[in-house]
Amino acid sequence: MNFLGVVLIILGFALLALTLLMQTQQFSLRYEAFLQMLSNLDDAVANLPLKGLIVVAILLIYVAKSIVPIPMSAVCVIAGMVFPTPIAVLINILGFFGLTTAKYAWGKHLGSGIIYKLLCRYENIQRILESDTSAKDVLLVGFRLVPVVPINSISQIYGAMDFSFVRYTILSLLGFLPRIISYAMVGRHVYNPFSLAFMLPIVIMFELSGAALIAVNAFIEFYNNKIKSV
């Protein structure tokens, strides 16, 4: 996980460097024509009627995601494209809450699923998941921070463990909120894809995800070393 974390951090800096390069005059002329096309698209989206139906459609996509592997980033960005960032964040929080609640209930009634068995192949992670300590809290926040960890599978695992639903909901939202905000900002500025306003949230997500992977790995090692020394 440390290697993947370093890769994400490097990718974040690479995107930032590319964004700064695109600000130079050499690229600006060609970019202006492209921006004009995106501006027309922005106007078309802004004038869409029946915004309430769009909210319903986005929430239905979240419902579908509980069964179909739809990328979470795409759903969050759609809301950001149509609505101002604060409203998009609220819509995505509502959708995320519905999705994680459904999969938590799924796990509570049907079991943890195959991902739990795969995770338990790693003795260090299994030891934390089977403990009665706050280590599971930290691990849940870490799982939500890292985009490569499936949302549905982790929700199902924590439901099967009969983990406190209130704590599960708060910790899940705490870990995933930075991504919700970042995706909403990306969607809002998708019509200017090489601007700092568009790229900076992506860079932050890469850096945060990379740091989270390294931190989760360090925490797992620390916890297990502490248990072995007792």
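This is a predicted model: local features need pLDDT of at least 70, side-chain atom pairs count only at pLDDT 80 or more; totals for chains, interfaces and linings use all residues.
## Helices α5 and α9

Which residues make the α5 and α9 meeting? On the α5 side they are Phe96, Leu99, Thr100, Lys103, Tyr104, Trp106, Gly107 and Lys108. Facing them from α9 are Ile151, Asn152, Ser155, Gln156, Tyr158, Gly159 and Ala160. Sorted by class, this contact of α5 with α9 holds seven nonpolar, six polar and two charged residues.

## A closer look at Gly159

One residue of this contact is worth a visit of its own. Gly159 sits in helix α9 and has a relative accessible area of 1%, so Gly159 counts as buried, the cut-off being under 20%.

Leaving aside residues up to four places away in sequence, Gly159 touches Tyr104, Gly107 and Lys108. Gly159 and Tyr104 are 55 residues apart along the chain, yet their C-alpha atoms are separated by 4.2 Å.

## Helix α5 along its length

Now step back to α5 as a whole. This helix covers residues 85-110, which is 26 residues. From first C-alpha to last, α5 reaches 37 Å, close to the 38 Å expected at 1.5 Å a residue. Just after α5 comes Gly111, with a positive phi of about 100°.

The buried residues of α5 are Ala88, Val89, Ile91, Asn92, Gly95, Phe96, Leu99, Thr100, Lys103, Tyr104 and Gly107. What covers them? The cover includes helices α3 (51-65), α4, α8 (135-145), α9 (151-160) and α10.

## Helices α4 and α10

Helix α4 (residues 72-82) meets helix α10 (residues 165-188) at an angle of about 50°, with the axes 7 Å apart. That angle makes α4 oblique to α10. The crossing of α4 and α10 is right-handed.

From α4, the contact uses Met72, Ser73, Cys76, Val77, Gly80, Met81 and Val82. From α10 come Phe176, Tyr183, Ala184, Val186, Gly187 and Arg188. How do the residues of the contact of α4 with α10 divide? Nine are nonpolar, three are polar and one is charged.

Notes
Residues are numbered from 1 along each chain as its sequence is written. Side-chain values use heavy atoms; hydrogens and water are left out. Axes are lines fitted to C-alpha atoms, for helices over the stretch in contact, and angles run from 0 to 180 degrees between N-to-C directions. Helices (H or I, at least four residues) and strands (E, at least two) are DSSP runs, numbered from the N terminus. Angles under 35 degrees count as roughly parallel, over 145 as roughly antiparallel, 65 to 115 as roughly perpendicular and the rest as oblique. A crossing is left-handed if the near helix is turned anticlockwise from the far one by less than a right angle, and right-handed if clockwise. Contact means heavy atoms within 4.5 Å. Ala, Val, Leu, Ile, Met, Phe, Trp, Tyr, Cys and Pro count as nonpolar, Asp, Glu, Lys and Arg as charged, and the others, Gly among them, as polar. The expected span of a helix is 1.5 Å times one less than its number of residues. Buried means under 20% relative accessible area, exposed over 50%, partly exposed in between (1.4 Å probe, protein chains only).
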